[in-house]
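This note sets out some comments on the pockets of the model and on one residue of interest.

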Amino acid sequence: LFVTYGACFGVEIFIHNVAALYYVERFGLSLKAAGFAAGTFGLLALFARALGGIASDRIAKVRGLDGRTLLLFVLMVGEGLGLLWWAQMDSVAVAIVAMLTFGLFTHMACGATYALVPFIDRSALGGVAGIIGAGGNVGAVAAGFLMKASPDTQSCLLILGGLVTLSAVCAIAVRFTAEHKTQEQQLFEQAVAERQALAA
């Protein structure tokens, strides 16, 4: 999850820093127009991160903890493929659509990652949250170094898209023991029963 958060939140931070410049260099937009186009990516954070967490909770009702990890895997793959799509666009209109699609997956993956955090180790929740959160900063710094080593922004985005897609393996690799799943299911059922009792 440290890696997946680096590949979603870290990439999000990186894109905030380079998107406007990319639109100026590749499509010849003015700084004002490029800033507006890049700003739409950030606006997704108003709802998409929460949407990722909500989707994780919904799928967990049907498929449990394995459903949460599967959702994160799908979102990471979508993010990586969306980033590759965005990096190859020659039309600014299609590029903005591609960026918003990629951004939706990116922000939702952030939410889906943290939807898993409470179930890793309840006795060390703060430490787990801190370590996974640090992955975002590491991912952003690593993307910055990749940018310096790349010949241009487009090449950097293409490489980054491939790396993000590969990082999805880390999401599907998250495994919970049968005992852990049973315990979490019991806690969930207990919480539902308590809520129903309060509602009655």
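1. The model is predicted. I begin with the second largest pocket, whose lining residues divide by class into 9 nonpolar and 3 polar, with no charged residue. The space in this pocket is about 150 Å³.

2. The residues that line the second largest pocket include Val3, Val11, Ala142, Leu146, Leu160 and Val164. Gly6, Gly139 and Ser167 are also among them. At least two lining residues are supplied by each of the helices α1 (2-27), α5 (125-149) and α6 (153-172).

3. The largest pocket holds about 520 Å³ of space. Its lining comprises 7 nonpolar, 3 polar and 8 charged residues.

4. Which helix gives the largest share of the lining of the largest pocket? That helix is α7, with 9 residues. Both α7 (178-199) and α3 supply at least two residues each.

5. Of the 18 residues lining the largest pocket, those nearest its centre are Asp57, Ala60, Lys61, Arg68 and Phe188. Arg68 is placed in helix α3, which spans residues 48-87.

6. Is Arg68 buried or exposed? Its relative accessible area is 7%, and Arg68 therefore counts as buried, the limit being under 20%.

7. Neighbours within four places in sequence set aside, Arg68 is in contact with Ser56, Asp57, Ile59 and Ala60, and also with Ala115, Leu116 and Phe119. Asp57 and Ala60 also lie, with Arg68, among the lining residues nearest the centre of the largest pocket.

Key: Residues numbered from 1 in each chain as written. Predicted model: local features only at pLDDT ≥ 70, side-chain atom pairs only at ≥ 80, totals over all residues. Heavy atoms only, no water. Helix = DSSP H or I, 4+ residues; strand = E, 2+ residues; numbered from the N terminus. Buried < 20%, exposed > 50% of the residue type's maximum accessible area, 1.4 Å probe, protein only. Contact = heavy atoms within 4.5 Å. 1 Å grid on protein atoms, 1.4 Å probe; cavity = no way out; pocket = protein on both sides within 12 Å on 5 of 7 lines; lining within 4 Å. Points joined across faces, edges and corners; volume = space filled by probe spheres on them. Nonpolar A, V, L, I, M, F, W, Y, C, P; charged D, E, K, R; others polar.
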